[in-house]
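Here are some notes to read with the model open beside you. Take the points in order, and find each residue as you go.

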Amino acid sequence: NSLRPKLVIGFAAETEEIENNSKKKLLEKNCDWIIANDVSKSDIGFNSEYNEISIYYKNMKSEKIQKMKKTILGDEIVRRIISQIN
């Protein structure tokens, strides 16, 4: 499809089976990446300056980005996006 962007990223806020649910969404939504976080943890995510995410890629590899300030985490995600589309 020529209208599809170069990179399609989905987001998943999960409370359990984060890896399984994220990989399922990756396929169902035809994403290139799913960026997932565990919203059941009280020290990250909602009502916190910190978050921790896992990125699941279309090739089924994944990486975890450890807990850090959301502003720095946003920069980490943007760096990966720029690297992927360049």
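1. Let's begin with a term: two residues are in contact, or touch, when they have heavy atoms within 4.5 Å. This is a predicted model, so local features need pLDDT of at least 70 and side-chain atom pairs count only at pLDDT 80 or more, while totals for chains, interfaces and linings use all residues. Numbering runs from 1 along each chain as its sequence is written, and side-chain values use heavy atoms, with hydrogens and water left out.

2. Now try the term on Glu52. This residue lies in strand 3 (strands are DSSP runs of E, at least two residues; helices are runs of H or I, at least four; both are numbered from the N terminus). Not counting residues up to four places away in sequence, Glu52 touches Ala36, Asn37, Lys41, Ile44, Lys64, Ile65, Gln66, Lys67 and Leu73.

3. Is Glu52 buried or exposed? Glu52 counts as buried because its relative accessibility is 14%; buried means under 20% relative accessible area, exposed over 50%, and partly exposed in between, with a 1.4 Å probe and protein chains only. Its side chain makes polar contacts with the side chains of Lys41 (3.3 Å) and Lys64 (3.5 Å). A polar contact is a pair of N or O atoms within 3.5 Å; within protein, one must be able to donate a hydrogen and the other to accept it, and residues adjacent in sequence count only if both atoms are side-chain atoms.

4. Next, look at the rest of strand 3 (50–57). Of its 8 residues, 7 are buried. Strand 3 pairs with strand 2 in the antiparallel sense over 4 bridges, and Ile55 is the bridge partner of Ile35. With strand 4, the pairing is also antiparallel, over 6 bridges, and Asn51 stands opposite Met68 there. Two strands pair if DSSP finds at least two bridges between them. Strands 3 and 4 form a hairpin with 4 residues between them, and Met60 in the turn has a positive phi of about 75°.

5. Helix 2 (residues 70–85) deserves a look too. Its 16 residues reach 23 Å from first C-alpha to last, close to the expected 22 Å, which is 1.5 Å times one less than the number of residues. Leu73, Glu76 and Ile77 are buried in this helix. Seen down the axis, the buried residues of helix 2 fall within an arc of 95°, so they line one face; the arc is that of the directions from the helix axis to the C-beta atoms. They pack against strand 2, strand 3 and strand 4.

6. Which residues make up the largest nonpolar core? The 9 members are Leu7, Trp33, Ile35, Ile53, Ile55, Tyr57, Ile65, Leu73 and Ile77. Such a core is a set of buried Ala, Val, Leu, Ile, Met, Phe, Trp, Tyr and Cys residues joined through side-chain atoms within 4.5 Å. Strand 2, strand 3 and helix 2 each supply at least two residues of this core, and strand 3 gives the most, with 3. A second, separate core of 7 residues includes Ile18, Cys31, Ile34 and Tyr56.

7. Finish with helix 1 (residues 18–28), where Ile18, Ser22 and Leu26 are buried. These buried residues fall within an arc of 65° seen down the axis, so they line one face of helix 1. The face turned away from the buried side carries the exposed residues Lys24, Leu27 and Glu28. Asn30, which follows helix 1, has a positive phi near 55°.
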